[in-house]
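Thanks for coming. I will go through some packing details in one structure, starting with a term and then moving to rings and helices. Here it is.

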Amino acid sequence: MEENNIDETKNLHESAKHNEYHVTTVNGLYENWFLDYASYVILERAVPAIDDGLKPVQRRILHSMKEMDDGRFNKVANVIGQTMQYHPHGDAAIGDAMVNLGQKDLMIETQGNWGDFRTGDSAAAPRYIEARLSKFALEVAFNKQTTIWQSSYDGRKKEPIALPMKFPLLLAQGVEGIAVGLATKVMPHNFNELLQASIDYLKGKKFELFPDFPTGGMVDVANYNQGKKGGKIRVRAKIEEFDKKTLFVKDVPYGVTTTQLIDSIIKANDSGKIKIKKVIDNTAKDVEIEIQLAPGVSPDKTMDALYAFTDCEVSISPNACVIVDDKPVFIGVEELLQISTEKTKDLLRQELEIKKNELEEQWHYSSIEKIFIEKRIYRDIEESESFEEVIDVIWKGMNKYRKLFRRELTEDDILRLTEIKIKRISKYDSFKADEIMKGIEANLEEVKFNLDNLRAYAIKYFENLLKKYGKGKERKTEIRTFDTIDSKTVAIANQKLYVNKAEGFVGIGLKKDEYVCDCSDLDDIIVFRKDGKMVVSKVQEKSFFGKDILHVDVFHKNDERRIYNLIYLDGKTKISYAKRFPVTGITRDKEYDLTQGSNGSRILYFTANPAGEAEVVNITLSPLSHARKLSFDFDFSELAIKGRGVQGNILSKYLVKGIKLKTKGVSTLGGLNLWYDEAIGRINTQEHGNFLGNFAGNDLIIAFYKDGNYELTNFDVSNHYEYEQLLHISKFKPERPIALVYYDAKAKQYNIKRFIIETQTLNKKFACIPEEKGNYILLATDYKNPVVILTTGKGKTLLETQINLTEFIEVKGAKAIGNRFALADLSKLELLPPDPQDEIEEEIQDEQETLVNEDLFTQEQEKIKKLLEDDPETDEQPKKKPGKIDPDQPKLF
């Protein structure tokens with residue numbers, strides 16, 4: 001046995017000497033195989049072709065359904081089996097792709113339970129659901145004569161390389177695919193808008209395309225960038241405030257299911273970012289998620305928090321990538337539409353040329369048949385003894401009339417003449433034949449005209465599609481400009497902040513130390529130390545900031561109204577300085593020096609003032625100093641507000657022994673100028689929208705809605721207003737009458753009333769017109785002397801009347817019905833701008849009100865000035881006017 005093994009080994013060595021082995025490294029194999037695999041996935045699975053906007057599996061499904069089409073529904077399982085003749089993958093992949101196509105409700109008409117993309121419910125098994133091609137698909141996607149064919153994967157069948165798609169299907173359906181090394185994500189767009197854009201493009205007009213999602217909602221397309229790589233869109237669900245304790249989510253963002261949305265809300269609640277009591281999914285035909293709020297929680301802030309911390313708002317990064325000439329190409333949606341429109345125009349040209357050739361053939365055969373029968377050429381073949389002689393006789397007979405033909409006769413033409421039956425010859429109607437030829441000629445002229453005017457023909461084609469299939473395909477997603485929600489502002493204060501000032505520790509985990517305030521996990525905190533250093537850092541369990549902490553608080557970025565008043569001693573010169581400054585922008589965890597940086601510098605006095613308050617303090621100098629007065633008062637309001645890095649004004653050259661508060665501060669800052677942005681339904685300080693006025697103290701905002709309600713709110717910038725229903729918003733003037741015109745549906749007339757707002761409860765809607773079905777407010781104004789132009793009648797009988805509403809009706813109670821103003825034939829009501837003199841008087845009145853509001857501060861200032869004696873210092877820096885932030889001071893953020 002051992003000898004046999006030795007002999008076999010020798011034979012192997014000998015054979016190896018006579019043979020050459022080809023060695024291939026694993027590196028090379030991997031490189032080539034991986035490239036082949038990547039190319040296959042990109043071209044054959046994940047990325048759609050630009051010609052028809054379909055992935056291969058989608059194209060094969062539609063082709064299989066066309067082969068099976070008999071007008072009736074087919075079991076999806078049968079369609080999957082048919083498609084497997086063309087698609088070399090499993091039935092599950094085909095089934096998933098078909099369900100995805102069916103849920104888009106464009107190319108496939110469905111029957112049965114096909115699932116719901118809004119809730120994430122899956123479709124029933126393929127054997128239980130049915131489908132057929134839609135009429136739209138049959139019209140735009142199939143034409144054997146213009147289709148280029150190729151062999152299927154096993155060579156048994158022919159399949160289309162691309163369907164002759166005469167519609168921008170890729171943009172209508174959208175697509176998402178992940179290949180090897182690249183991905184594609186094209187947003188769905190509105191059916192009608194795509195057709196209109198194609199029409200506009202053919203007419204040479206400009207057009208814009210923005211996404212439209214089947215889930216509805218709202219979308220901010222400011223950074224859409226035509227769907228190219230690098231763009232971004234923000235998608236939001238619509239949230240409605242049912243009452244102060246309940247919110248309703250009325251739809252879901254694209255790509256998010258109701259289950260995912262509810263899970264994200266529960267997660268945000270569990271992490272303390274929002275406070276809710278209960279979430280109920282009431283989704284049936286329409287999406288409805290009920291959110292019950294916890295007691296004492298603001299619905300407006302919760303709404304913002306839902307957008308900030310849950311899937312009520314998602315960001316999507318489009319990345320339009322398609323296959324062009326067997327290569328992936330990144331392209332914008334507008335260029336995609338242009339290419340699709342040109343492709344459609346070319347397919348229409350091909351169809352017209354095919355139809356032209358068919359009509360010319362029809363005319364040619366009709367003409368030779370007419371000559372063959374009317375000239376009785378068929379009689380000449382009676383004496384022919386063979387078929388060849390018959391052919392020769394017909395050739396000779398027909399050649400006499402060759403000038404009447406549009407093309408040369410062919411052998412096929414002669415053979416067709418021999419196939420004419422005697423019965424047809426005997427019943428031949430020359431007049432009827434002439435009418436048929438005239439009809440063919442008319443159709444031929446129409447086709448030629450369309451070919452000569454191909455652009456107009458293509459426009460007519462798109463207009464016909466729009467008219468035929470556009471109903472019910474209106475835009476579902478509202479295009480809006482979203483406000484930027486600061487997550488720190490809307491986050492619920494779910495933590496408590498503590499400080500150990502002596503040891504220098506701050507955090508939410510120092511339960512045994514001094515309580516500072518409530519905060520959230522997302523907040524930054526600002527820390528001031530006695531040595532004049534300032535640091536801003538993230539809230540943590542426990543952080544060390546340095547010993548001798550003077551002040552800790554939650555940091556409010558870009559808050560220019562929060563002013564810090566500070567007196568410090570310079571360690572080098574021993575001079576005391578005073579300054580006022582805000583902290584608007586910083587670098588986190590960087591230590592800032594509020595003194596001049598000298599060793600031994602320290603803060604003598606410090607206050608943080610949320611509304612820019614400026615107090616009066618009493619300064620006591622050291623008894624060893626040579627000052628004439630050892631005690632004097634200092635008023636911070638006489639200091640200008642500057643940047644935190646300034647040196648400050650000299651308070652005293654002598655050593656300060658003590659500083660005591662003498663008079664509490666009053667704000668030195670004016671009110672807030674506010675604007676209302678109609679696009680987002682929010683008030684702001686960034687000058688976006690319509691100016692509302694200057695707000696301070698207890699000022700309120702009044703809003704009137706079309707449904708007959710009004711609402712009073714404070715001027716918090718987090719307030720939401722129902723912009724779709726909002727009719728009028730302004731600064732509330734309690735003494736000013738409201739003039740209001742509304743439609744009385746029961747009486748079928750317009751009424752007018754003027755009244756004073758009596759109930760001033762905040763954040764609650766009150767009805768100001770009779771609560772009858774069909775009633776609505778047409779006009780609401782708080783002008784001092786409102787004047788309107790009333791237009792009544794119809795057509796040429798329009799009558800315009802100018803009316804002063806103040807003279808028209810007296811002020812009555814808020815619950816009064818009012819007087820009849822116009823009948824149902826009112827066609828227009830225009831409110832004229834206010835009288836300039838009224839505006840001037842109003843400005844004067846506002847200034848007087850401001851002076852009254854500041855009267856206490858002014859009186860206090862006068863008392864202080866009387867008490868103050870001459871300043872003992874003669875070499876102080878000149879004092880500047882207070883109340884203005886230095887515009888030259890640089891801001892890091």
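Buried, in what follows, means under 20% relative accessible area. By that cut-off Phe 136 is buried, and Phe 191 is buried as well. Please keep in mind that this is a predicted model.

Let me stay with those two rings. Across the model, the count comes to 26 aromatic pairs. One of them joins Phe 136 and Phe 191 in an edge-to-face arrangement, with 5.3 Å centre to centre and 70° between the planes. The two residues are 55 residues apart and belong to distant parts of the chain, Phe 136 to helix H6, residues 135-140, and Phe 191 to helix H8, residues 191-202.

A second pair is made by Phe 634 and Phe 636, also edge-to-face, at 5.2 Å between centres and with 80° between the planes. Are these two buried or exposed? Phe 634 has 9% relative accessibility, so it counts as buried. Phe 636 is at 0%, and therefore counts as buried too.

Back to the first pair. Ring pairs join Phe 136 and Phe 191 with Phe 167 and Tyr 469 in a cluster. Phe 191 also has a charge over its ring: the charged end of Lys 473 sits there, 5.2 Å from the ring centre. Another case of this kind is Arg 416, which lies over the face of Tyr 365 at 3.5 Å from the ring centre.

Next, a residue in H6. Val 140 is found in that helix, and it is buried, with a relative accessible area of 0%. Which residues does Val 140 touch, leaving aside those up to four places away in sequence? They are Pro 164, Met 165, Lys 166, Phe 167, Tyr 461 and Leu 465.

Now the helices. Two packed helices are described by the angle between their axes and the distance between the axes. H8 packs against H11 at about 75°, with the axes 10 Å apart. Angles of 65 to 115 degrees count as roughly perpendicular, so H8 is roughly perpendicular to H11. On the H8 side, the contact is made by Leu 194, Ala 197, Ser 198, Tyr 201 and Leu 202; on the H11 side, by Leu 337, Gln 338, Thr 341, Glu 342 and Lys 345. Sorted by class, that is five nonpolar, three polar and two charged residues.

H11, residues 333-374, also packs against H16, residues 454-469, at an angle of about 105° and with axes 10 Å apart. That makes H11 roughly perpendicular to H16. H11 contributes Thr 341, Thr 344, Lys 345, Leu 348, Arg 349 and Leu 352, and H16 contributes Leu 454, Arg 455, Tyr 457, Ala 458, Tyr 461 and Phe 462. By class, this contact has seven nonpolar, two polar and three charged residues.

Last, Lys 301, which is in helix H10, residues 299-309. Its relative accessible area is 37%, so Lys 301 is partly exposed. Not counting residues up to four places away in sequence, Lys 301 touches Val 490, Asp 716 and Ser 718. From Lys 301 to Asn 785 the C-alpha distance is 37 Å, and the two are 484 residues apart in sequence.

That is everything I wanted to show. I will take questions now.

Methods:
Residues numbered from 1 in each chain as written. Predicted model: local features only at pLDDT ≥ 70, side-chain atom pairs only at ≥ 80, totals over all residues. Heavy atoms only, no water. Axes fitted to C-alpha atoms, helices over the stretch in contact; angles between N-to-C directions. Helix = DSSP H or I, 4+ residues; strand = E, 2+ residues; numbered from the N terminus. Parallel < 35°, antiparallel > 145°, perpendicular 65-115°, else oblique. Contact = heavy atoms within 4.5 Å. Nonpolar A, V, L, I, M, F, W, Y, C, P; charged D, E, K, R; others polar. Phe/Tyr/Trp six-rings, centres within 6.5 Å; stacked < 30°, edge-to-face > 60°. Buried < 20%, exposed > 50% of the residue type's maximum accessible area, 1.4 Å probe, protein only. Lys NZ or Arg CZ within 6 Å of the ring centre and 35° of its normal.
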